[in-house]
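Please look over the sequence and the fold together before reading on.

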Amino acid sequence: MENGRKVCFNVIMANLTLQNHTKTTPSVCQTLQPFLDMEARENLPQFYIIMSISTCVISLIMCCTALLLNSVVILAIWRTPSLHQPSHILLCTLAVADFFVALTSQPSFMVAELSLIRGKMELYCVAVFIHFYTAWMFNGISFLTLSAVSIERYLALRFHLRYTELITTTRVVITVIIYWLIWVTCITLLWFWVKDKLFTYILVAFCFLILTVVTRCYVTIFKTVKRHNKQIQDSQLQQGQESIFRYRRTTNTMVILISAFVLSYFPFIITTAISASQAKEDMKTSAAHCFAVAIISANSTANPLIYFWRVEELREAAKQTLRKCHLMTAKQSDVELEPR
């Protein structure tokens, strides 16, 4: 009898402890409540379901394309020694970030939307949390890499005689590793440990500071290039014209990459601003916001297409890489088909 009472007492205490733990430990959905109106998502309107499914189909196509194209870019630069230069190393870093966007952020977004349609809210919340975390991480890395590219272009113009001495491949790789580690650490702290809004404001202010520096770099670049063009035309130096032409083409490629990055965020910024101004979440705005997120992810597909269009040596290296991969596959198939 005494043992029975002890067992009952232990069971009751365990249940009370579990209930208290559940009350004090917020679920993922409760964590996301400030960002998402869960009540509005309980009964989804038909237009949201149609938009969500359409966006998932587009995202799936973009995801597969981004994984393939960025893999080709990474392999081409990795296997071509002549491309182991600072500017191409930065392009490879951008391709790595885009690859991880397609590997983590886009699939979690699709899982979140499909889970929401099927009414699996806990899975939806987990997928949204992963999407937010990975999107902040790898899109932030893309932003920092584009900023590094802009600074590299400025330094190439500012110290053109000492460029190869100052901007070496080793220094660029070290710089890339440092800002990857710093950004990943900051985002991880922000999402899992530090809940203070001040930390978020500091990160946003830092991004605006970097954006100001990048803008300043390109304003200086275009002014200097225009002045050099005039000087070269006056002196009629053919060699100088070719050098300026190569520099301008490379710089214009970076401007196109940055423009594509900024433009991909415009719909997201607009829908976020509209959503923030509404007292209660409007699912029409949420449907537009869903499509805007897919447009951001599409930038990971656009970037390698821009590389192949604008960078001839990278395009040729990619062709050579694909040929080698095809030959290796063909040889492997021949070995498997040989009679034993």
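This is a predicted model: local features need pLDDT of at least 70, side-chain atom pairs count only at pLDDT 80 or more; totals for chains, interfaces and linings use all residues.

Residues are numbered from 1 along each chain as its sequence is written, and side-chain values use heavy atoms, with hydrogens and water left out.

The protein chain contains eleven helices and zero strands, where helices (H or I, at least four residues) and strands (E, at least two) are DSSP runs numbered from the N terminus. Of its 340 residues, 39% count as buried, that is, under 20% relative accessible area with a 1.4 Å probe, protein chains only. Among contacts (heavy atoms within 4.5 Å) between residues at least 6 apart in sequence, 80% join residues at least 24 apart.

A search of the whole structure finds one cavity of 30 Å³ or more, a cavity being a set of points on a 1 Å grid over the protein atoms alone where a 1.4 Å probe fits but cannot get out. The largest cavity has a volume of about 60 Å³, taken as the space filled by probe spheres set on the points. Which helices each supply at least two residues of its lining? They are H5 (121-158), H8 (197-235) and H9 (238-277). The lining, whose residues have an atom within 4 Å of a point, consists of Phe143, Leu146, Ser147, Leu211, Val214, Ile258, Phe261 and Val262. These lining residues divide into seven nonpolar, one polar and no charged, with Val, Leu, Ile and Phe among the residue types counted as nonpolar, and Asp, Glu, Lys and Arg counted as charged and the others, Gly among them, as polar.

How values were computed: On a 1 Å grid over the protein atoms alone, a cavity is a set of points where a 1.4 Å probe fits but cannot get out, and a pocket is an open set with protein on both sides within 12 Å along at least five of seven lines; lining residues have an atom within 4 Å of a point. Buried means under 20% relative accessible area, exposed over 50%, partly exposed in between (1.4 Å probe, protein chains only).
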